[in-house]
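Subject: Structure for your files

Dear colleague,

My notes come after it.

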Amino acid sequence: MNRREFVSGLTAATALAGVAATAAAAESRRVALVIGNGAYRNVPTLTNPPNDASDIAAALRRLGFTVALATNAGFDDMRRRLIAFGRDAAGADMAAVYFAGHGMEINGENWLIPIDAELKRDTDAANEAINLQSVMLQVSNTTSLGLVILDACRNNPFAARMNRSIATRAAPTSGLGRIEPVGNVLVAYAARDGTTALDGEARNSPFAAALLRNIETPGVEVTFMFRNVRDDVMEATRNEQQPFVYGSLSRKAIYLAGRPPDGAEGTPTQAAVSPAPMQTTTSPTIDPALVGTWEIMVPSGRGQSRWIWQIMGDGTYRFHAEPQRSARAHEGTITAANGRWTLHAIRGLSGYSDGGAYEIHDALALITGKLGTGAWKRSAE
C-alpha cells in the first residue's frame, strides 16, 4: 500500500463527509484576512507569496470563511485592512489571518513587512511594519478559534542592511521570535522561532503547499492538522524546515473542515457490525478497545476494495486488502493509548509509518492519521 493509494482511498471514503462539513461550516460565521506580499520595492522580489495567498484564500472560502484578500500590500493598505478585519472578527466563531511575505524579529518584537517598507533602522519598524501582537489581538475575540498563519520566516534581506540605533540593542535575528499567545489563539509559523523558511521553486512555498494539502481534510482536529503540515514540510525539505505552532487551546476539539463521520447508515465506510472477539492478554501500549479486526470499504478507480486491519493485544498488527492488488499487505508494530496511536511497518511495506488520533464509538473507530480520517467498523474476521 503506497501513499498515493492510501490518500486516494481515504479521500473517496470521506467525500460525503466533506460535503456535509462544508455545509455545516457555512452556518457559523467565519472570517479571514489573507495577505501575500512578494513585490517588495527595496529588496528582491519573492515569487510565491501572491500565489500562496490566492490559493489559501480559495481554500478558506471553500471552508465557509468570508475572505478579504490582498496581494502586494503597502503599509497603509495592511493597516486599514487589519482594522476592518478586527471589527468583522469580533464575535465570529472563527477568525483567521494568513500572511506570506517577509517578517522579522527586531529587539524582541515580531513584524510583518509591507512591500513599501525601507527599514533602514531598527526603530523604523514601528512606522513601516505591522506588529504581530496587533494581529493576534484582532483574532482574540472569537467564540471558538483565533488563528494566525505566518509563512513569513524567510531569510530576510532587510536584516543585513539595517542599522541599529543603539549599540546595545539586539541585532535582528533570523526568522521570527518565540511568542506566547493567550486565550483561544493559535499562531502557526512556517519555521520555528529563530529559523528560516524556504520560498520554494514551485507555485507554492513548501509550507503553503503542505497547508493546502491538509487544511480541507474532513474530520481532522485543527492541532492535528498542523502536525500533519509539519510532517509534510519536514519531509519535503529533508528536515531543513520545521513548522511550529504556538498557543494552548482547551480540551474542546475544533475542526476547520467539519467533524469526523458520525457512523450514520449510508456513508461509504459503514456496514453491518459483528461482535468484538474476546481478548485475554493486552500489552500496556495497546488500548483494549482497539484490539481486534477492523475493516473499511474503499472506493477506487478499480471498484470497491476491502481493507482489513488485525490489531493484536501484544502491540503488533497485520494488514491486507481484498482484492490484493488494491493495497499491499504488510505487518508491524502499533501503539495506542489515551486517544493517540503510532504505527511502523516491519514486513511487506518498507519504511511505512503513521500516527495520529483515534476515537472509539461502540463498534466504530474514527482513525485520524497523516493522510486523513477513516471510519473503520469492527469485523468478525
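The notes cover the cores, a set of paired strands and one methionine.

This is a predicted model: local features need pLDDT of at least 70, side-chain atom pairs count only at pLDDT 80 or more, and totals for chains, interfaces and linings use all residues. Residues are numbered from 1 along each chain as its sequence is written, and side-chain values use heavy atoms, with hydrogens and water left out.

The largest nonpolar core has 82 residues; Phe65, Phe85, Leu150, Tyr189, Leu211, Met225 and Leu256 touch the most other members. (A nonpolar core is a set of buried Ala, Val, Leu, Ile, Met, Phe, Trp, Tyr and Cys residues joined through side-chain atoms within 4.5 Å; buried means under 20% relative accessible area, exposed over 50%, partly exposed in between, with a 1.4 Å probe and protein chains only.) Strand S3 (residues 94-100) supplies the largest share of this core, seven residues. Apart from it lies another core, of 24 residues, including Trp294 and Phe319.

Strands S4 (residues 103-106) and S5 (residues 109-112) run antiparallel and are joined by four bridges. (Strands are DSSP runs of E, at least two residues, and helices runs of H or I, at least four, numbered from the N terminus; two strands pair if DSSP finds at least two bridges between them.) Trp111 in S5 is the bridge partner of Met104, and Asn131 in S6 is the bridge partner of Trp111.

Met136 lies in helix H6 (residues 132-138) and is buried, with a relative accessible area of 8%. Leaving aside neighbours within four places in sequence, Met136 is in contact (heavy atoms within 4.5 Å) with Val148, Ile179, Pro181, Val185 and Val187.

Regards
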